[in-house]
Amino acid sequence: EPRIAEVSESRCTACGMCEQMCPYKAIKVIVVNERTGIKAAQVNPALCKGCGSCAAACRSGAVDVKGITDHQVNLAIKAGL
């Protein structure tokens with residue numbers, strides 16, 4: 001399965017940092033609920049290369065790359081120490 005970014009819409013604050021940091025223009029902040037006007041980031045899987053720039057920039061921890069979650073990275077760092 002390819003490594004692409006995923007956004008948790010419930011945690012996304014629509015700040016736009018991920019959109020600014022993506023070198024492939026694969027992530028955009030859009031209105032996800034027309035009725036309420038709620039915005040969140042969404043990933044275009046065809047453009048995403050799985051580099052993780054968006055996940056690193058996300059202040060709310062709403063973006064993960066499939067197969068490489070923040071929790072997994074933290075466990076790997078702890079194991080290395």
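Ala-5, Cys-22, Tyr-24, Cys-48, Lys-49, Gly-50, Cys-51, Gly-52, Cys-54 and Val-65 line the second largest cavity of this predicted model. In total, 2 cavities of 30 Å³ or more are present, while the number of disulfides is 0. The points below treat the cavities and then the cysteines.

**Second largest cavity**
- The volume of the second largest cavity is about 50 Å³.
- Its lining comprises 7 nonpolar, 2 polar and 1 charged residues.
- Among the lining residues are Cys-48 and Cys-54, a pair whose sulfur atoms are 6.0 Å apart.

**Largest cavity**
- The largest cavity reaches a volume of about 70 Å³.
- Its lining consists of Cys-12, Thr-13, Ala-14, Cys-15, Gly-16, Met-17, Cys-18, Val-29, Ala-41, Cys-58, Ser-60 and Val-63.
- By class, 9 of these residues are nonpolar and 3 are polar, with no charged residues.

- A disulfide is a covalent bond between the sulfur atoms of two cysteines.
- For Cys-15, the closest cysteine sulfur belongs to Cys-18 and lies 6.2 Å away, which is too far for a bond because a disulfide requires sulfur atoms within 2.5 Å.
- For Cys-54, the closest cysteine sulfur is that of Cys-48, at 6.0 Å, and this separation is likewise too far for a bond.
- Cys-15 is partly exposed, with a relative accessibility of 42%, whereas Cys-54 is buried, at 8%.

Note on methods. Residues are numbered from 1 along each chain as its sequence is written. This is a predicted model: local features need pLDDT of at least 70, side-chain atom pairs count only at pLDDT 80 or more; totals for chains, interfaces and linings use all residues. Side-chain values use heavy atoms; hydrogens and water are left out. Buried means under 20% relative accessible area, exposed over 50%, partly exposed in between (1.4 Å probe, protein chains only). On a 1 Å grid over the protein atoms alone, a cavity is a set of points where a 1.4 Å probe fits but cannot get out, and a pocket is an open set with protein on both sides within 12 Å along at least five of seven lines; lining residues have an atom within 4 Å of a point. Grid points are joined across faces, edges and corners, and a volume is the space filled by probe spheres set on the points. Ala, Val, Leu, Ile, Met, Phe, Trp, Tyr, Cys and Pro count as nonpolar, Asp, Glu, Lys and Arg as charged, and the others, Gly among them, as polar.
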